[in-house]
Every structure is written in C-alpha cells, then in structure tokens.
Amino acid sequence: MSVDLSPIRPFLDELKAGRPLAVLTGAGVSAESGLPTFRGADGLWDGNRPEDLATPEAFARDPVKVWRFYEWRREKVRAAKPNAAHVALATLEAMLPQMTLITQNVDELHRAAGSRNPIELHGSIMRDRCSGCGVVTPEPGAPFPELPPLCRRCGARLRPDVVWFGEMLPERAWRDAEDAALSSGVFLVVGTSAVVAPASSLGLIAARAGSRVFEINPEATPIAPLAEGSFRTSASEVLPEIVRALESS
Ligand code: OAD
C-alpha cells in the first residue's frame, strides 16, 4: 500500500534541491524491531519507570537492580534486527551527499542497518564503562554471571556506557549534533517524544536557524508546533516511501 506523501511534499522538494538534512531519531524507530519505547505502555520494567533506574543515584543505591534492568534491555537488543525504518535511513544517507543522523537510541541498530556515522547522543548499551578508571569495553555478549560486574583492571563497578538522567551528554557528540541542526536546511524528527533535554531542543535550534522541520510520529509531540509537516504514522511505513519517491524523481 502506498502512503500519501503530501504532508511532507516540501520536505522531498528540499532534499531534491540538495539542502542539507539532519535527522533526529528516538525509541519509536526501534519499536518495530521489538524494543519497547521508554514512555510507551511496555516501557516499565518490574513496575519501575526507566527515569527511576537510569540515574547515577539509582546505580549508587542499588547497582544490582539497575544492572538487572539493563540486562533485560540488552537481551532484547541482542535479539533485535534493524527494521525498514533503519534501513531506509541508511539508504537515504547513501543517496544524499549532506545528511547527518543523530540518535538518542543506545541500541546500535542504525549502525547495524548500514548508517556509517550516527551521532549517538546517549551512548551505547552495547558497551560497558568502568565507573572508576573509565575504560570502555564491548558488552560480553551474554548476561554477566554475577551482578554488578566489576572492572578487571581496577575492580570498580562497571556500568553501561550510556548517558543517565542528570548526566552530561558526550561533549563531542552534542557539538556535532548542534552543528548539524544549525547548518541543516531540513530537519526531520522521527519516533521521539521530544521531552528529554537537551536532545529535545535540537528541533528548536534548527527551526530558529531557518531550517524547515518535519516530523514522523503516530502521536503528537512538542515538536508539532514547530513542524511544517507531520506524519502521524509509523516510521517503517513512511521512510521507505520517502526513499522510493526520491529514487523515482
Ligand atoms: P520515548 O519512549 O519517550 O518516545 C517514543 C516515541 O516514539 C513516542 O513519541 C511514540 O509516539 C513514538 N513511536 C512509537 N512507535 C513508533 C513508530 N513505529 N514509528 C514512529 N514513532 C513511533 O523515547 P525517546 O523520545 O527516544 O534516554 O526517549 C528519549 C530518551 O529518554 C531516551 O533516549 C532515553 C530515555 O530515557 C536515555 O537512555 C539516556
């Protein structure tokens, strides 16, 4: 079934005219790979909201509980495959000379789909970082035999290499994302509730710099008032249609 692309026809026209594109993605892009979103009904773990687990305070208070939550998420990520939305974004990147992909997702599915250099604002769940010496290692590929896992080098606790609530974003990643928003002619926001700062501000940064903002999300978000066109449907439905429309133009 083909999708009516009229709400974002100007988006396609801008891309055809060669205007730089920046895309910001969130958990909704990975929802159809079977990964629960954070604020959706299936995002609770053991009755806990992610906001109550993904914090330095929660880790200091109960590292085993925080690790059990991350092992649950990792198990799902290990089993997940990129869906049509990830693949379409990787295809767009190959087609467009000036495209930057910025993601809040920590599942590495954009890379798995072939995106070469996604800016990962919130790190990756597929790496560990030592809370003592800072060494970063790939996750072991299976649950740890004992929780919390400890650093082999210094003995301090390992943690997932992600950004928690209350922590700064990696400096370089944020700078690159801000630059991409500022220099974009078109800014596309896909599958994020756009409520977690500072990533949520990128749409506004882009709009204020004169970029034309578009959105793909089945639900209305705080981006909607900024957006010139909104697609209230799933990313895996619309993004492949956008690729097809560009290919045939
Ligand atoms: P949320 O769970 O807050 O929002 C997911 C969004 O995806 C919602 O707006 C849904 O309507 C939308 N959505 C669901 N299915 C979709 C589909 N098939 N296609 C398109 N959109 C769909 O997730 P994020 O906005 O990514 O931070 O959350 C932002 C950050 O908060 C995360 O990166 C995480 C979390 O705490 C860290 O891990 C640091």
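I looked up the ligand shell first. The ligand is surrounded by 21 residues, each with a heavy atom within 4 Å of it. Phe38, Arg39, Thr192, Ser193 and Asn217 are the closest.

The model is predicted, so I note that local features need pLDDT of at least 70 and side-chain atom pairs 80 or more, while totals for chains, interfaces and linings use all residues. Numbering runs from 1 along each chain as its sequence is written, and side-chain values use heavy atoms, without hydrogens and water.

I sorted the shell by class. It holds eight nonpolar, 10 polar and three charged residues; Gly counts as polar, and Asp, Glu, Lys and Arg as charged.

Next I checked polar contacts (pairs of N or O atoms within 3.5 Å). The side chain of threonine 192 places an N or O atom 2.6 Å from a ligand oxygen. For phenylalanine 38, a backbone N or O atom is 2.7 Å from a ligand oxygen. Alanine 27 has a polar backbone atom 2.8 Å from a ligand oxygen. On its own, the ligand has 800 Å² of accessible area, and the protein covers 91% of this (Shrake-Rupley, 1.4 Å probe).

I then turned to salt bridges (a side-chain nitrogen of Lys or Arg within 4 Å of a carboxyl oxygen of Asp or Glu). The whole structure has 18. One of them joins glutamate 14 and arginine 19, N to O at 2.6 Å.

Notes:
Polar contact = N/O pair within 3.5 Å; in protein donor to acceptor, adjacent residues only side chain to side chain.
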